[in-house]
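Here are a few exercises to work through with the model open in your viewer. Try each task before reading its solution.

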Amino acid sequence: MTLTKTLASATVAVTLAAGAASAQETWQMTTTWPSSLDLIQFDKHFVDLANKLAGDEVTIEFFEGGSLVPSGEVFGAVESGIVQAGADWPGYWAGRDPAFSPLATTSSLFNAVDYVNWIQQWGGQELYNETYGKFGMVYLPYAVTNNESGFHTKEAIRTIDDLQGKRLRVSGLEQGRLLNNLGGSQVSMAGGEIYQSLERGVIDGAEFSTPNVDWSGGFQQVTGYWATPGWHQSASVFGVMINKSAWDALSPETQEKLQIAADATMLWSLAYTERNANDAYKKFDEVNEITRMDDAALEKIQQTANAVIEEVACENPTSAKVYLSQLEYLADYSNWRSASAPFNLGRNPNGPDIEKIRACAE
């Protein structure tokens, strides 16, 4: 009897071990970013943490942008299940649903901490999953940056008048319309095309990301001026699209571990970017002339941005729903933010008409 029990116990142990081994998943994850751009560090940090936390249940194999599918096809690859996960900036998919635009960035509205607050405590996470969910995906935001650099140009931009007729690479629906309303002209192109387009004079200037990312793109080599601040994108969000079938195959415990990795990466990303943006600013200051719009110009830009946001929101009910949630957060948070000034987390922007957008969202 003892031998029989021993054999039976051994059989059960082997069976359980085999079951545990078969439960482990291996995912392929790619990104929209090439290894040459500093933005890829967000993705690598998340993957490293996720594998440390959940590696016994799911192992993520990471591939840089373009190595599995072209960067512009990452969305479709995740949607169709060609890869289980893909890192992105949501604004690239605004052509599929305009709501992706405010989920990615805002013009003269949110800062990075506003996005973190809104995502984690004011209902933003639900709107990411609702929007990506239409395409069979779950979304984990895991990185934020503060306002983008501004425009790297051949000629100095010191005033709004200096924008007149300038052909500038700008990404985003609202951002392009805002620039056009201020007298410039939006040119859309992938990040990898910016350097040569500046070098050849195809465009007069370009925005792309934060100073450290722009430095890694080499823009200082083909422009002489940098116009600040980055009013067109006052903050940005990045994250990972996950095929819902792949996500649903994970245990709730494993899903939670991936969420923890995303939350930890988001906090890290803010400090990482601010430190590296600061260092890059110093390097730009040595080789380019840095200019800044005055307060009166920024107030005019704010009012123009408000009108564009209201216009876009009322054209697209899904955008209106996201903007309404963001403006409700700003209104709700404004009293405490004002009371804690100047020791607070940013400004209370004089933003769009919330009641106009509320009417468009209903």
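A disulfide here is a pair of cysteine sulfur atoms within 2.5 Å. Keep in mind that this is a predicted model.

**Exercise 1.** Find the disulfide and work out its handedness.

Solution. Start with the cut-off: sulfur atoms within 2.5 Å count. Cys 314 and Cys 360 qualify, with their sulfur atoms 1.7 Å apart, and the count by this rule comes to 1 disulfide. Next, look along the S-S bond: its torsion is about 85°, so the disulfide is right-handed. Finally, see what gets linked: Cys 314 sits in helix α12 and Cys 360 in helix α14, distant parts of the chain 46 residues apart.

**Exercise 2.** Describe how helix α12 packs with helix α14.

Solution. Take the axes of α12 (residues 295-315) and α14 (residues 354-361): the angle is about 15° and the axes are 8 Å apart. Angles under 35 degrees count as roughly parallel, so α12 is roughly parallel to α14. The crossing of the two, α12 and α14, is left-handed. Now list who touches whom: α12 brings Ile 309, Glu 310, Ala 313 and Cys 314, while α14 brings Lys 356, Ile 357 and Cys 360. Sort these contact residues by type and you get 5 nonpolar, no polar and 2 charged. Notice that both disulfide cysteines, Cys 314 and Cys 360, turn up in this contact.

**Exercise 3.** Which backbone spots have a cis peptide bond or a positive phi?

Solution. Begin with the background: most residues other than glycine have a negative phi, and most peptide bonds are trans. Going through the exceptions:

- Thr 228 to Pro 229 is cis, with omega near -5°; Pro 229 lies in the loop between β10 and β11.
- Ala 341 to Pro 342 is cis too, with omega about 5°; Pro 342 is in the loop between α13 and α14.
- Ser 108 isn't a glycine, yet has a positive phi of about 55°; look for Ser 108 in the loop between β4 and α5.

Note on methods. Residues are numbered from 1 along each chain as its sequence is written. This is a predicted model: local features need pLDDT of at least 70, side-chain atom pairs count only at pLDDT 80 or more; totals for chains, interfaces and linings use all residues. Side-chain values use heavy atoms; hydrogens and water are left out. Axes are lines fitted to C-alpha atoms, for helices over the stretch in contact, and angles run from 0 to 180 degrees between N-to-C directions. Helices (H or I, at least four residues) and strands (E, at least two) are DSSP runs, numbered from the N terminus. Angles under 35 degrees count as roughly parallel, over 145 as roughly antiparallel, 65 to 115 as roughly perpendicular and the rest as oblique. A crossing is left-handed if the near helix is turned anticlockwise from the far one by less than a right angle, and right-handed if clockwise. Contact means heavy atoms within 4.5 Å. Ala, Val, Leu, Ile, Met, Phe, Trp, Tyr, Cys and Pro count as nonpolar, Asp, Glu, Lys and Arg as charged, and the others, Gly among them, as polar.
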